[in-house]
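Please open the model in a viewer and keep the selection panel at hand.

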Amino acid sequence: MINEFVSFVNNILWGDGQVLIVMLLVCGVWFTVKLGGVQLRHFGHMFSLLRNSKTSSKEGISSFQALCTSLSARVGTGNLAGVAVAISLGGSGAIFWMWMIALLGMATGFAESVLGQLYKVRDENGEFRGGPAYYIKQGLNKTWLAVAFSLCLFFGYGFVFSAVQANTITDALNNAYSFPSEYVGIAIILLAALIVVGGLRGIARFAEFVVPFMGIGYVLVALAITFINISELPALLLDIIKSAFGLQEAGAGALGAAIKNGIQRGLYSNEAGSGSVPHAAASAAPNPNHPVSQGYIQMLGVFLDTMILCTSTAFIILLAGGSSSEQMEGIRLTQDAMSSHLGEGGTDFVAAAISLFAFTSVVANYAYGESNLHMFKLDNRAGRAAYTIGYLGMIYWGAQAALPQVWAMADMALGLMTVINIVAIVWMTPTIVSISKDYFKKKDSGETVEYKAGDCEIQGKSEDGIWK
């Protein structure tokens, strides 16, 4: 019955109903227009803010740590296994639609991260917490909707998504070295427990060290493979475009599969609009001292995740001939493609990469779930202990579960979160536009970019004492 229920919900969200595909596209276009194409107009400004983003405080992590934390959650199975799934089910054209949802998603990610920073609160330790549940409760005064989102997030990031990451790690290591899945699951649990016991700051320090190292290393290998096969690149790009618009022999059926799988796997990878990233954005001490600065930082995260890392995987797979299989091969397709480029070492490289990518997601997922304990007055020792036990237990289950079953549950959790979050941020468009224009005006006029309560009209009110 559980499988039937999950299938029913996913069919509405992702299948025949295509509710989420429409919502994501409309939301991306909406905020692109409302914010004046901020992802294109201020593209360079994202990088300029990153240069001065390493300052943290006793209350919050640095903007760079917030970016790395969000990337550690984003950069995982979606970048390696998810891209492979998209290509297997949607053909090369799925990559084009993955790019499009990322381009539009940059504006959506900007909007939700601004709200995350604006409506953040302090927990019992004096650290910043925030996310959709917080801005729904404070900005819209809809406590029931905030609770609904928190429950979806607990189910998704607290439990199911870590199971997805663990499943991919065990599959990759089993394919490469025949490691028993139960032992791999136990190893993941032990390593994750060592890191998450340090709380958000421990997770942020881990992410700050690991994410740049693994991301740059992976992209360099992809660039080397692309350079070696540079003569095939024009034909590959043409094939992506043709397939994206159904110009191949398969026609309309291929077009629908490309759009559906590109958007679905693109969202799972970059998470724009799902409401996850605002948790990391809210935890940061902004630099400059304005909520919009985190909009830019997290918008950059969408770009790096999909346009850089997912594209790297796509080129590796397609330059190796892609996949003609109709079955969902997941990480093994990526391993086979890498092996065709690098020989036997390719499987080892992907096994190491996916283990590192997915493990960082496992750790960051814990932080997202923990940040919502405050909503239920459970941000205490007993609440954290119960949450941690459930989180670690799901890792062990995911390490041994069937791949389609795990992905289906992840799609349902992500879909439900996204529906609630998109409704909320569209509802709060006046606040997003108002505070963004305040930043744009101060930036363009050369004024000190700083936000104080009362500078803009906002819906509801942010926590007293955060913005003075």
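**Stop 1: Threonine 170**

Select threonine 170, which counts as buried because its relative accessibility is 3%. Threonine 170 is found in helix H9, residues 143-177. This is a predicted model, and the protein chain averages a pLDDT of 82, with 91% of the residues scoring at least 70.

Which residues is threonine 170 in contact with, leaving aside its neighbours within four places in sequence? They are Ser181, Val184, Gly185 and Ala399. Display alanine 399 next: its backbone oxygen lies 3.1 Å from a polar atom of the side chain of threonine 170.

**Stop 2**

Side chains of opposite charge can pair when their charged atoms come close. In this model the count comes to four salt bridges. Begin with arginine 129 and glutamate 370, which form a salt bridge with their closest N and O atoms 3.7 Å apart. Arginine 129 is in strand E2 (residues 128-129) and glutamate 370 in helix H17 (residues 345-371), so that the pair links distant parts of the chain, 241 residues apart. Arginine 129 and glutamate 370 are buried.

**Stop 3: Aspartate 438 and lysine 442**

Move to helix H20, residues 429-445, where aspartate 438 and lysine 442 are four residues apart and therefore separated by about one helical turn. Aspartate 438 forms a salt bridge with lysine 442, with 3.2 Å between the closest N and O atoms. Are these two residues buried or exposed? Aspartate 438 counts as buried at 13% relative accessibility, and lysine 442 is buried with a relative accessible area of 10%. Returning to the previous stop, salt bridges that share partners join Arg129, Glu370 and Arg384 into one network.

**Stop 4: Helix H11**

Select residues 199-228, the 30 residues of helix H11. From its first C-alpha to its last, H11 reaches 43 Å, close to the 44 Å expected at 1.5 Å a residue. Where does H11 bend by about 30°? The bend is at alanine 207.

**Stop 5: Residues 324-328**

Finally, select residues 324-328, over which pLDDT stays under 50. The model has seven contacts for these residues beyond four places in sequence. Where pLDDT is low, the predicted coordinates should not be read in detail.

Note on methods:
Residues numbered from 1 in each chain as written. Predicted model: local features only at pLDDT ≥ 70, side-chain atom pairs only at ≥ 80, totals over all residues. Heavy atoms only, no water. pLDDT = per-residue confidence, 0-100. Contact = heavy atoms within 4.5 Å. Helix = DSSP H or I, 4+ residues; strand = E, 2+ residues; numbered from the N terminus. Expected span 1.5 Å × (residues − 1). Bend = angle between axes of the 7 residues up to and from the residue. Buried < 20%, exposed > 50% of the residue type's maximum accessible area, 1.4 Å probe, protein only. Polar contact = N/O pair within 3.5 Å; in protein donor to acceptor, adjacent residues only side chain to side chain. Salt bridge = Lys/Arg side-chain N within 4 Å of Asp/Glu carboxyl O.
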